[in-house]
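Let's take a friendly walk through a protein model. Have a look at the structure below, then read on.

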Amino acid sequence: ITAMTATLAADVVLAASNTWYDGPALTLDAGTWLVSGQITQVRATTTAEFIYGRITDGTVHYASQQAHHASATGSGNALSMLAILTLAAPATVKLQCATSAGNAVSAMKAALSNNGSGNNATQINAIRLA
């Protein structure tokens, strides 16, 4: 079994509205892969927003999610995605996140804000199927 994981080393600020920001990435060999991704996003202000996440190679978007934040300081969202990819050639696959209300206090989190357990709050995983 070939399995790979990548996580964020530091938070990624979602400063601009409706702009995709890169999260962790994996370079996968040609073949069939089961890819999962989880994005933890936290906003430390009282503006409502939509959060968007996806698994992508930059051209093909394999899975996507959307969530809504109410207008509450410190609220967070967790986006989970799963996709089966059949790659004819090696490719770099990554998580991306966007927000409808960009702000310096909206971020994809490397670790949980409270009671963290290491940099594993936003991560991408792949298992080779064939």
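## Salt bridges

The structure holds 3 salt bridges, where a salt bridge means a side-chain nitrogen of Lys or Arg within 4 Å of a carboxyl oxygen of Asp or Glu. As background, side chains of opposite charge can pair when their charged atoms come close. Before we meet the pairs, note that this is a predicted model: local features need pLDDT of at least 70, side-chain atom pairs count only at pLDDT 80 or more, and totals for chains, interfaces and linings use all residues. Residues are numbered from 1 along each chain as its sequence is written, and side-chain values use heavy atoms, with hydrogens and water left out.

Let's start with Lys-109 and Asp-11, whose side chains meet in a salt bridge at 2.7 Å, N to O. This pair links distant parts of the chain, 98 residues apart. Lys-109 sits in the loop between β9 (106-108) and β10 (123-128), while Asp-11 sits in the loop between β1 (3-7) and β2 (12-13). (Strands are DSSP runs of E with at least two residues, numbered from the N terminus.) Lys-109 is buried, with a relative accessible area of 14%, whereas Asp-11 is partly exposed at 38%. Here buried means under 20% relative accessible area, exposed means over 50%, and partly exposed is in between, using a 1.4 Å probe and protein chains only.

## Two more pairs

Next up is Asp-22, which forms a salt bridge with Lys-94, their closest N and O atoms being 3.4 Å apart. Asp-22 belongs to strand β3 (residues 21-28) and Lys-94 to strand β8 (residues 91-99), so the pair ties together parts that are 72 residues apart in sequence. Asp-22 is partly exposed, at 41% relative accessible area, but Lys-94 is buried at 17%.

## How the strands line up

Now for the strands. In general, strands of a sheet pair through backbone hydrogen bonds, either parallel or antiparallel. In this model, 4 strands form an open sheet in the order β3-β8-β5-β6, with antiparallel pairing. The edge strands are β3 and β6 (61-69), each pairing on one side only. From one strand to the next, the twist averages 10 degrees; for such angles, axes are lines fitted to C-alpha atoms (for helices over the stretch in contact), and angles run from 0 to 180 degrees between N-to-C directions.

Two strands count as paired if DSSP finds at least two bridges between them. β3 and β8 pair in the antiparallel sense over 6 bridges, and Leu-26 has Val-93 in β8 as its bridge partner.

Strand β10 has antiparallel partners too: β1, over 5 bridges, and β4 (residues 31-43), over 6 bridges. Find Thr-5 and you'll see Asn-125 of β10 standing opposite. Gln-38, meanwhile, has Gln-123 in β10 as its bridge partner.

## A nonpolar patch

Which residues make the nonpolar surface patch of about 480 Å²? They are Ile-1, Ile-84, Ile-127 and Leu-129. Patches are made of residues with over 30% relative accessible area and no salt bridge, with like charges joined within 9 Å and nonpolar side chains (Val, Leu, Ile, Met, Phe, Trp, Tyr) within 5 Å. The areas come from the Shrake-Rupley method with a 1.4 Å probe, and for residues only the protein chains shown count as cover.

Take a closer look at Ile-84, which lies in strand β7 (residues 75-87). Ile-84 counts as exposed because its relative accessibility is 58%.
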